[in-house]
Protein chains: 2
Amino acid sequence: MATQTEKPASASAAIDFDKNGGTVAAIAVDHLSNRVLMVAWMNREAFDETVATRRACYFSRSRNKLWRKGEESGNFQVVHEIRTDCDADAVVLVVEQRGDAAACHEGYESCFFRKLDGGQWKVVDQRRVDPAKYGPGYGHPPKKSAG
Amino acid sequence: MATQTEKPASASAAIDFDKNGGTVAAIAVDHLSNRVLMVAWMNREAFDETVATRRACYFSRSRNKLWRKGEESGNFQVVHEIRTDCDADAVVLVVEQRGDAAACHEGYESCFFRKLDGGQWKVVDQRRVDPAKYGPGYGHPPKKSAG
């Protein structure tokens with residue numbers, strides 16, 4: 001048991017959380033298609049929990065607390081693989097998106113559903129689920145929208 | 001000509017650079033495999049230049065200046081597609097990695113060449129090029145290394 005509890009600490013010790021105010025960018029990609037599903041942030045605690053549970057746990061900077069992805073919607077992410085980059089200040093999570101197969105709180109497979117086309121941002125993906133099903137308090141309030 | 005110069009400004013106007021101190025996370029993925037090649041930062045100027053030139057231009061936070069990817073190494077990136085996310089605070093660049101097909105300054109295809117395996121970070125990719133060929137001043141000094 002000692003070995004199991006030491007391992008996550010060892011993994012996060014190598015990550016440089018200082019450079020970006022205690023967080024690193026965490027990019028979730030689909031384990032089959034490699035598609036970027038979302039970008040969020042992790043502090044050390046979120047990273048350690050993700051390693052220990054193999055479910056993606058991020059850190060919500062706006063809410064200043066751990067964000068266990070899918071805790072409201074059921075759209076959790078099983079983590080198949082974790083990579084870090086040359087500077088150890090970003091991580092890639094290779095995930096299996098469960099629930100309604102929608103990583104985005106707006107009901108899309110990927111948060112990156114808008115593409116720049118002729119100088120304009122256009123929604124080019126199909127919504128997979130109406131997030132209204134998760135209740136009126138679901139998700140975070142929209143900020144500046146791209147269109 | 002007026003239309004052409006207005007388009008990039010219009011595209012970046014929708015991006016929320018404020019949330020992260022004037023920058024957004026920019027994730028470059030390979031146009032064929034979807035693989036995440038690197039994560040960097042863009043300020044508005046870098047984003048506008050990327051849209052205008054279709055070559056990836058980032059903002060180096062450590063050097064506090066525009067970073068025209070490949071300007072030293074020739075490993076530039078032709079941008080095929082640009083996406084933004086639901087909150088418009090991150091972008092994905094779908095790129096064709098030119099030069100030595102190495103996005104990473106350490107000579108790997110992707111900066112994410114280390115994988116968490118049994119609690120340890122292991123290099124699991126093959127180096128594509130020895131970056132020493134780009135000269136002694138190439139790249140940024142290594143910070144905290146993952147292993």
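A salt bridge here is a side-chain nitrogen of Lys or Arg within 4 Å of a carboxyl oxygen of Asp or Glu. By that rule, the whole structure has 24 salt bridges over all chains. This is a predicted model, so local features need pLDDT of at least 70 and side-chain atom pairs count only at pLDDT 80 or more, while totals for chains, interfaces and linings use all residues. Residues are numbered from 1 along each chain as its sequence is written, chains are lettered from A in the order in which they are written, and side-chain values use heavy atoms, with hydrogens and water left out.

**Where the chains meet**

- Chain A puts 51 residues in contact (heavy atoms within 4.5 Å) with 51 residues of chain B.
- Together the two chains bury about 4300 Å², 59% of it on carbon and sulfur atoms; buried area is the accessible area (1.4 Å probe) that two parts lose on being put together, summed over both.
- Four salt bridges cross the interface of chain A and chain B.
- On the chain A side, the residues touching chain B split into 25 nonpolar, 11 polar and 15 charged. For this count, Ala, Val, Leu, Ile, Met, Phe, Trp, Tyr, Cys and Pro are nonpolar, Asp, Glu, Lys and Arg are charged, and the others, Gly among them, are polar.

**Salt bridges to look up**

- B:D125 pairs with A:R83, and their closest N and O atoms are 3.3 Å apart.
- B:R83 forms a salt bridge with A:D125, again with 3.3 Å between the closest N and O atoms.
- That pair joins two chains, because B:R83 lies in strand β5 of chain B and A:D125 in the segment after β8 of chain A. Strands (E, at least two residues) are DSSP runs, numbered from the N terminus.
- B:R83 is buried at 14% relative accessible area, and A:D125 is buried at 18%. Buried means under 20%, exposed over 50%, and partly exposed in between (1.4 Å probe, protein chains only).
- Within chain B, the side chains of B:E96 and B:R98 meet at 3.0 Å, N to O. B:E96 is partly exposed at 22% relative accessibility, and B:R98 is partly exposed at 35%.

- A:A88 has a positive phi of about 55° although it is not a glycine.
- You'll find A:A88 in the loop between β5 and β6 of chain A, where it is buried at 0% relative accessibility.
- In chain B, B:A88 has a positive phi near 55°, and B:A88 is also buried at 0%.

Note on methods. Helix = DSSP H or I, 4+ residues; strand = E, 2+ residues; numbered from the N terminus.
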